[in-house]
Amino acid sequence: MMKDLTRYRNIGIFAHVDAGKTTTTERILKLTGKIHKIGEVHEGAATTDFMEQEQERGITIQSAATTCFWKENQLNIIDTPGHVDFTIEVYRSLKVLDGGIGVFCGSGGVEPQSETNWRYANDSEVARIVYVNKLDRMGADFYRVVKQVEDVLAAKPLVMVLPIGTESDFVGVVDLLTRKAWVWDDSGDPLNYEIKDVPADMVDDVETYREQLIETAIEQDDDLMEKYLEGEEIDIESIKRCIRKGTIALDFFPTYCGSSFKNKGVQLVLDAVVDYLPNPTEVKPQPEVDLEGNETGTFAFVDPEKPLRALAFKIMDDRYGALTFTRLYSGKINKGETVLNTATGKTERIGRLVEMHADSREEVTSAQAGDIVAIVGMKNVQTGHTLCDPKEPATLEPMVFPDPVISIAVAPKKKGGAEKMGLALSKMVQEDPSFQVETDQESGETIIKGMGELHLDIKVDILRRTHGVEVDVGKPQVAYRESITKRLEDSYTHKKQSGGSGQYGKIDYVVEPGEVGSGFQFESKVTGGNVPREFWPAVQKGFQTSIVKGVLAGFPCVDVKVTLKDGAYHPVDSSAIAFEVAAKAAYRQTFPKAGPQLLEPIMKVDAFTPDAHVGDVIGDLNRRRGMIKSQDAAATGVRIKADVPLSEMFGYIGDLRTMTSGRGQFSMEFSHYAPCPANVAEEVIKETKEREAAAAK
């Protein structure tokens with residue numbers, strides 16, 4: 001059967017921690033008839049947060065996809081985490097969304113994390129509506145948050161409703177288009193509302209805002225614009241059509257308000273999702289790439305008749321086995337069919353397909369373009385892999401995941417717990433590509449790596465609770481890098497005679513610092529065949545395998561260029577191996593002389609503090625070797641942006657809270673690598689040597 005895709009909305013709800021995103025999702029599910037008892041997050045009973053950690057910390061870690069229905073439309077809602085260590089999840093869910101609801105706290109306004117998420121959504125060109133929540137809170141001010149959306153996010157809010165009353169007197173909203181007031185009673189039941197005339201003291205404001213709304217909307221249509229200027233009344237359907245057009249074009253963002261907790265205002269947001277956010281056929285089709293990652297110029301069009309193109313965007317383990325959440329961009333998928341995973345080149349059979357309703361699930365026999373479903377029991381599929389029609393393969397643009405910047409050693413507390421820990425970690429890596437695990441060759445330790453302290457904290461927590469593995473945790477280690485500062489020309493000859501054929505390879509080469517971010521570059525300028533072309537890759541490999549361990553403290557060496565200039569070979573004794581060995585020895589000989597230096601990860605820190613504590617916070621960031629980039633007055637305090645070395649940021653949240661009597665908050669993300677000051681570098685090198693010595697014992 002063909003589904004009517006115009007009645008689909010794939011949407012995400014994203015916001016800063018504590019703006020009330022999960023409560024909003026709860027309310028939407030309640031209103032759309034999927035849940036009968038409303039779960040409160042602060043009672044730890046929210047339906048979409050089904051991991052214990054989420055209920056305890058009150059934060060959503062895994063984005064769960066939930067299907068519900070509103071006025072004959074199917075909404076697939078993806079709940080995204082707001083915390084910065086999980087931006088990878090936000091990024092990943094944005095990739096599969098067609099539209100979003102940005103939730104802001106009526107008193108907290110636009111907070112650092114919501115800014116990051118908003119920027120990500122702009123990058124992904126996702127249409128959004130704005131919902132200002134928690135208007136029942138002390139200090140809530142709808143108009144102030146609207147202004148912040150303009151100033152801080154540089155976005156254009158299109159105000160669609162005005163609040164009736166503020167803080168504890170907040171009772172409802174006026175819908176500007178219909179000039180009707182929706183007023184709820186105090187029962188907390190979202191269905192107990194009346195539609196009344198606009199309160200007398202609000203009539204002037206309503207007319208002013210309605211005029212702004214119409215003037216902005218009809219800029220989308222020249223004919224209507226002319227009629228309006230000639231004084232004709234424009235009908236509501238035409239205005240709505242313009243709002244929809246402008247929203248999808250990201251020209252503006254329809255803006256609503258309410259209190260999810262008190263169940264006021266949520267219906268209008270749902271209507272807006274249906275009226276203004278795009279259906280799957282109205283967003284740009286996904287570009288297809290070939291197996292090397294180059295765009296082929298073809299697109300996955302949302303059409304059930306086209307070949308299958310689907311993206312696995314999230315993997316979760318639950319009591320039913322591994323669930324692979326998948327967004328279908330084109331074609332259809334049936335139970336029992338075989339699909340190709342372009343990342344592994346292997347085919348997989350589709351066992352069961354389920355539609356998730358928070359934590360209940362309904363089996364379906366098929367899914368088609370525009371759908372979001374979970375596939376049960378896929379073996380080798382990871383986040384970001386493309387599933388496609390084996391007869392017509394193509395890859396959707398792969399997701400890019402950042403490199404981890406922090407690592408800690410973990411060891412099982414129980415003897416013999418290593419195998420159980422290993423299995424648990426490998427499952428966790430599949431679920432979260434920004435989380436990595438490796439074994440230190442020398443010490444045999446298991447090292448976990450991630451995007452920040454909280455990220456790893458929660459991973460250790462998941463190990464303990466979900467997988468029942470208690471671990472001892474080492475001190476957090478920063479992912480340092482090494483590089484060189486001088487250009488050097490040098491030469492190395494490898495020769496070995498031992499009866500029969502020997503080994504011989506001579507190379508003349510230059511090592512020099514490369515461009516920042518260039519990694520490792522290799523070039524050969526040998527002419528005249530002194531080093532035959534077939535040995536060049538061996539020289540490159542020798543250097544490339546060596547720079548993984550820098551000469552100062554064994555950290556990977558980056559941004560280096562090696563040029564092979566000349567050399568010599570022996571017709572009998574030379575081999576690829578001989579030249580690879582020569583390059584490895586050349587690395588050990590030359591790099592220590594090329595001004596090696598230690599690089600440390602620098603983080604973009606975005607801290608918020610009440611006015612009274614600005615001096616303390618800046619002073620503290622300076623002590624942490626931070627470079628203050630800017631400070632801007634926000635509505636309720638000051639935002640300070642700074643570049644700070646990661647090594648100085650451990651435990652920062654505790655210190656910041658102490659300095660600001662609990663009101664400060666911050667977010668940080670990796671920015672770049674920069675040279676360490678000498679005293680810091682000495683300390684790091686010393687610690688690393690001591691660790692290695694201890695491990696060697």
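Analyst: A residue is called buried when its relative accessible area is under 20%, exposed when over 50%, and partly exposed in between (1.4 Å probe, protein chains only). By that rule, 54% of the 697 residues of the protein are buried. Please keep in mind that this is a predicted model, where local features need pLDDT of at least 70 and side-chain atom pairs count only at pLDDT 80 or more, while totals for chains, interfaces and linings use all residues. Numbering starts from 1 along each chain as its sequence is written, and side-chain values use heavy atoms, leaving out hydrogens and water.

The protein has 16 helices (H or I in DSSP, at least four residues) and 38 strands (E, at least two). Taking contacts (heavy atoms within 4.5 Å) between residues at least 6 apart in sequence, 72% join residues at least 24 apart.

Now for the close look: the pair formed by α14 and α15. Helix α14 covers residues 614-623 and helix α15 residues 652-659; their axes, lines fitted to C-alpha atoms over the stretch in contact, come within 10 Å and cross at roughly 150° on a scale from 0 to 180 degrees between N-to-C directions. The two helices are therefore roughly antiparallel (over 145 degrees).

Which residues of α14 and α15 meet? From α14 come D616, V617, D620 and L621, and from α15 come Y652, L656 and M659. Sorted by class, this contact between α14 and α15 has 5 nonpolar residues, 2 charged ones and no polar ones. An α-helix has 3.6 residues a turn, so residues three or four places apart point the same way.

For a comparison elsewhere, look at helix α9, residues 266-276, which is mostly covered, with 10 of its 11 residues buried. Among the buried ones are V266, L270, V274 and Y276. In the loop between β11 (253-257) and α9 sits N263, whose phi is near 65°, a positive value in a residue other than glycine. N263 counts as buried too, at 2% relative accessibility.

E125 also has a positive phi, about 55°, without being a glycine. Its place is the loop between α4 (112-123) and β5 (127-133), and E125 is partly exposed, at 45% relative accessible area.

Finally, T590 lies in helix α13, residues 576-590. T590 is buried, with a relative accessible area of 0%. Leaving aside residues up to four places away in sequence, T590 touches L488, D490, Y509 and V511.

How values were computed: Parallel < 35°, antiparallel > 145°, perpendicular 65-115°, else oblique. Nonpolar A, V, L, I, M, F, W, Y, C, P; charged D, E, K, R; others polar.
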